[in-house]
Amino acid sequence: MKTLNRKWGELALFLLLFMALSSVAGGEDAKFIQLATDAEIEGEITQYLISEKLDGVRGFWDGEQLYTRSGLRIATPAWFTHHFPTYPLDGELWMGRGTFEQVSGLVRRKTPLESEWKKVTFMVFDFPDSKLPFGQRYQFYEKALADISPYLSVIEQIQVANVEQLDGKLALVVNGGGEGLMLHKQDALYVAGRNRDLIKLKPFYDAEATVIAYLPGKGKFSGLLGALLVETPEGVRFKIGTGFSLEERRQPPKLGDIITYKYLGLTQKGTPRFASFLRVRVKVKVTP
């Protein structure tokens, strides 16, 4: 019995040490990052600084190591972060427009692929330790971090005079293959969690596709529609699993119906990203 108690005591001590080491490793810090919202623009548009919303992987630099948004350590080559500062930075690991899949795959690797990391830049968009309002901290760190590393860059922030200029900027980014824009109030402080002063602005597109199969639901949707398998006029097949009411899951569109869905651009495979059901556009004719 004494031997058993000693083993349990050793196990408990090990678990306490493991949790302590995990907390100081930096992963906990990465969970308290600032997150954008889909809130409405408040006040004059001139109160905001505007940057491109990059389609990369969120990264948090704690002064020693890079972490994902969820707090997982990212394995990078030592040279990649060699000249990074010793204070925290919030940003995006990016390889250019339309390369999300490549960056995501790279970040998930336990052993860094050095040849690919040479194509990555840590695009910094905020500075968690600064007590300055955003406009001032951007101006300060844009200069402080200039040219310190070929793998680190502060994202450019601009101002627009009116909503028409904002729409023009959004169209320019999207037509060039970008995802959208980020609007950050100049007087906002860095706040952990959702911040209404940080707004993401992304356009949704809509298109039509034909329902060709049903996929069963799971969990709370067990026995109901889980997703539709649809096909575009160009022959591209993909699943739509969101946007349905409970009644639509009970009585989904019929096979052969043409539905309208919304989506946020295309993946590299050519399938709609974040496709969501909107409505039935053309019902299939039922032969008596």
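Strands S3 and S5 run antiparallel and are joined by five bridges. Strands and helices here are DSSP runs numbered from the N terminus, with at least two residues (E) for a strand and at least four (H or I) for a helix. Two strands count as paired if DSSP finds at least two bridges between them. This is a predicted model: local features need pLDDT of at least 70, side-chain atom pairs count only at pLDDT 80 or more, and totals for chains, interfaces and linings use all residues. Residues are numbered from 1 along each chain as its sequence is written, and side-chain values use heavy atoms, with hydrogens and water left out.

Stay with S5. On one side, Glu-92 of S5 stands opposite Arg-58. S5 also runs antiparallel to S6, again through five bridges. There, Glu-92 has Met-123 as its bridge partner in S6. Leu-93 is partnered by Phe-122 of S6. Six of the six residues of S5 are buried, so the strand is largely enclosed by the rest of the structure. Buried means under 20% relative accessible area, exposed means over 50%, and partly exposed lies in between (1.4 Å probe, protein chains only).

Now widen the view. S5 belongs to an open sheet of five strands, ordered S4-S3-S5-S6-S7, with mixed pairing. Its edge strands are S4 (66-67) and S7 (152-154), and each pairs on one side only. Strands of a sheet pair through backbone hydrogen bonds, either parallel or antiparallel.

The largest pocket comes next. It holds about 770 Å³ of space. Among its 34 lining residues, Lys-53, Leu-54, Arg-58, Arg-69 and Glu-92 are the closest to the centre. Elements that give two or more residues to this lining include S3 (57-61), S5 (89-94), S6 (121-126) and S8 (180-185). Helix H3 gives the most, with five residues. The lining divides into 13 nonpolar, six polar and 15 charged residues. Here Ala, Val, Leu, Ile, Met, Phe, Trp, Tyr, Cys and Pro count as nonpolar, Asp, Glu, Lys and Arg as charged, and the others, Gly among them, as polar.

How is a pocket defined? On a 1 Å grid over the protein atoms alone, it is an open set of points with protein on both sides within 12 Å along at least five of seven lines; lining residues have an atom within 4 Å of a point. Its volume is the space filled by probe spheres set on the points, and grid points are joined across faces, edges and corners.

The second largest pocket has a volume of about 270 Å³. It is lined by 19 residues, and Gly-177, Gly-178, Gly-265, Leu-266 and Arg-273 lie nearest its centre. Six of the lining residues are nonpolar, six polar and seven charged.

Another open sheet has five strands in the order S12-S11-S10-S13-S14, paired antiparallel. S12 (237-240) and S14 (276-282) stand at the edges with a single partner strand each, so one side of each is left without a neighbour in the sheet. Within this sheet, S10 (residues 205-216) and S11 (residues 225-231) pair antiparallel over six bridges. Val-211 stands opposite Val-230 in S11.

Finish with helix H5 (residues 134-144). Its buried residues are Phe-134, Gly-135, Arg-137, Tyr-138 and Tyr-141. Seen down the axis of H5, they fall within an arc of 165°, so they line one face of the helix. That arc is taken from the directions from the helix axis to the C-beta atoms. On the other side of H5, Gln-139 and Lys-143 are exposed.

Methods: 1 Å grid on protein atoms, 1.4 Å probe; cavity = no way out; pocket = protein on both sides within 12 Å on 5 of 7 lines; lining within 4 Å.
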